Amino acid sequence: MQAGSRPGDRLAAIVIYLILILTAIVVIYPLYWVVLGALNPGSSLFRTSILPTGLTLDHFRELFTETDYLLWYRNTLFVAVMNMILSTVLVVTAAYAFSQFRFPGRRQTLMAMLVLQIFPSFMGMIAIYILLLQLNLLDNLWGLILVYAGGSIPYGAWLVKGYFDAQPRSLVEAAKIDGASNFTIFRKVMMPLSVPILTFVAVNNFIGPWMDFIFARLVLRSSSKYTLAIGLFNMVTGRSNTDFTKFAAGALLVAIPVTLLFLLLQKYIIEGLKAGANKG
Amino acid sequence: MRTVRVVVNLNGKVHARTGALLSLLFMGLGQIYNRQFVKGILYALLELYVLIFWTKPFLEAMHGLITLGETPQQRNARGAIVVQGDHSIILMITGIIFFLLLVIFLAVYAINVRDAWKVGKGRDEGRKPRNFAQSVAHAWEQGFAYILLTPAFVFVLFTIVLPLIFGILIAFTNYSGPNHLPPKNLVDWVGFETFTSLIRFRAWSNTFVGVLIWTIVWATLATFTTYFVGLFYALLLNHRAVKFKKFWRTLFILPWAVPGIISLLIFRNLFNGEFGPINQYLKLMGLAPIPWFSDPFWAKFAIVMVNLWFGFPYWMALMSGVLTNIDRELYEAAEIDGANGFQRFRSITLPLILFSTSPLLIMSFAHNFNNFNMIYLFTSGGPANPSYSYAGSTDILISWIYKLTLEQNKFNMASVVSIFIFIVVASFSIWNFRRTRAFKEEDMIQ
């Protein structure tokens, strides 16, 4: 049946497209507004014209010269990459142990992980603060990385364990009969099968530090150590509104790569979220 | 053959029992009894080392954990520190660390007893105990799981377990500003005093009840608005009149894809009462500007609306996935049975979507219940509420805790409230978990 073949269908199509276009405007406007703020000359929050009155890179220049933005960007990238590597290794090794081995204490540890996952992470804030202070890791990017990596284990281990469990055991058994060592089985059999879930865990841990505010604010104290979340927040909540265009420029440089990454890996992210939900 | 079995049965588990008992008495004794000399001596050396070097620090740490320090800091007339005094909080954390180390040591002790029992049992059944080289090889193979787990275990212990125990214990102390902040003052155990003052003192109970009600209202509204709007768009995009479905879907996923922290800060500017574009447009249209951040109602309204912008793409994406997976034959069969479009929707589409997405609904509620970023980055909890203690009108429990901790140093009260949040979130999770029956997986039963 062709759309628009009946008068009722045509009316429905008009209404639907109207809704879609209105929604598109609502969805796009805030993002468009930031692009406009970043590229348009002048520094006010509001302008009557919807279209840009000119094109300038001044705001980016100001952003790079007047603030520690580039430093924040480097810090965030560093924390994100390190956290991604460390968390993924920790999560995958733990999940593999839980999924492939039956050892004394397994059930209890799994239960404990499940309970730990429920605790809101901020409950340990004060203790983490004092521990890092004692270890001289306060205001240090590594302190933050350690906190993130530790926090990602319980949820991640359960998620990945579930995925490993679902893989056919026959492959592992066959490899064992062929005399493959534990490490070889892990690398040659399990890893290739687990690309989707590993991508999900890695991406999650990479994106996490770009978004986290609570712990970054707790651990990082000086402007040269900030991650982007803290730096940008301080820019917007500061007294003056002239910072807005700088913020817009800065926001754009974060939003573009992260958004593209998300859209590229959409499939994995949605699958991973579903898997997480089914495992509790 | 028969006689051997009789002997075994008669002797029972002599070696197993003796070995285990000896190892319980002192680590390694059972192994030595089982003629595994190297292993036994290593175990014994471990226990000796722990007893000699760790007993005193352990007892001191426990003393510190129980008393939380006895020497207050002393200053002379000019305010210079004369006696450094005890730092209660460091004593407490040290105490917890030593306690966790004790638990680990006891676990090793248990493994030692179990090992002596197993080897003894092997001897009872006529098997020869392994020599040291064999033991090492065996441990490498059997212990591979433990080797894999150790790094994760250490991380979880120090970044989650230890802080959590500490966070809970704080609720039973008077650790709060301005009078009980180390290193200037000592902190003491006060039992349930903080819990009762949350109920008894009006300033606290008012804030708690007010913030709690808004937290629940917020989490409910946030979850259901995004869920149903997401459903609406998933259905809309699934309509046959819509061309370029993939384009629209990608466009509408944008709010989910853009880093939340960025878009929240953008919205903070958009809604700015004086300079924000939204109010400027209202003025251009001849309407009065809306006090988004200074009126509690409008602030709450704005939060829910902005959250809708953020949240609907998630549900839309999930439900679109469900929709495309529905078997077309179901619809064809229904059509043959004479069901009209609405009937087909009500008895096929809707139940299937609800069935596959409702588990996520509960987790989404729990997420919104603790959605710190949404509140703190958008309104920072404002506008101020004079009848609350250290909370604004749009603060939810978690952002209130954040303020109590990092801005007001009311650590004990923050801890009491977070214990409450834990109970709420935990009940949701347990309920959800029991329902999904992951525990009845066969592999959980060893």
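**Tour of the core and the A–B contact**

Start with the largest nonpolar core: 158 residues, with Ala94(A), Leu144(A), Ala157(A), Val160(A), Ala251(A) and Leu265(B) making the most contacts inside it. Such a core is a set of buried Ala, Val, Leu, Ile, Met, Phe, Trp, Tyr and Cys residues joined through C-beta atoms within 7 Å; buried means 20 or more other C-beta atoms within 10 Å of the residue's own, with C-beta atoms placed from the backbone. H6(A) gives the largest share, 14 residues.

This is a predicted model: local features need pLDDT of at least 70 and side-chain atom pairs 80 or more, while totals for chains, interfaces and linings use all residues. Residues are numbered from 1 along each chain as its sequence is written, and chains are lettered from A in the order in which they are written.

Next, select Leu265(B). Beyond its neighbours within four places in sequence, Leu265(B) is in contact (C-beta atoms, placed from the backbone, within 7 Å) with Leu232(A), Phe233(A), Val236(A), Phe247(A), Ala251(A) and Leu377(B).

Now show both chains. Their contact takes 72 residues from chain A and 78 residues from chain B. On the chain A side, H1(A) gives the largest share, 13 residues.

Finish on H4(A) and H6(A). Their axes (lines fitted to C-alpha atoms over the stretch in contact, with angles from 0 to 180 degrees between N-to-C directions) come within 8 Å and cross at roughly 125 degrees. Select Met113(A), Leu114(A), Leu116(A) and Gln117(A) on H4(A), then Pro154(A), Tyr155(A), Ala157(A) and Trp158(A) on H6(A): these residues make the contact.

Technical notes. Two residues are in contact if their C-beta atoms, placed from the backbone, lie within 7 Å. Helices (H or I, at least four residues) and strands (E, at least two) are DSSP runs, numbered from the N terminus. A residue is buried if 20 or more other C-beta atoms lie within 10 Å of its own, exposed if 12 or fewer, and partly exposed in between; C-beta atoms are placed from the backbone.
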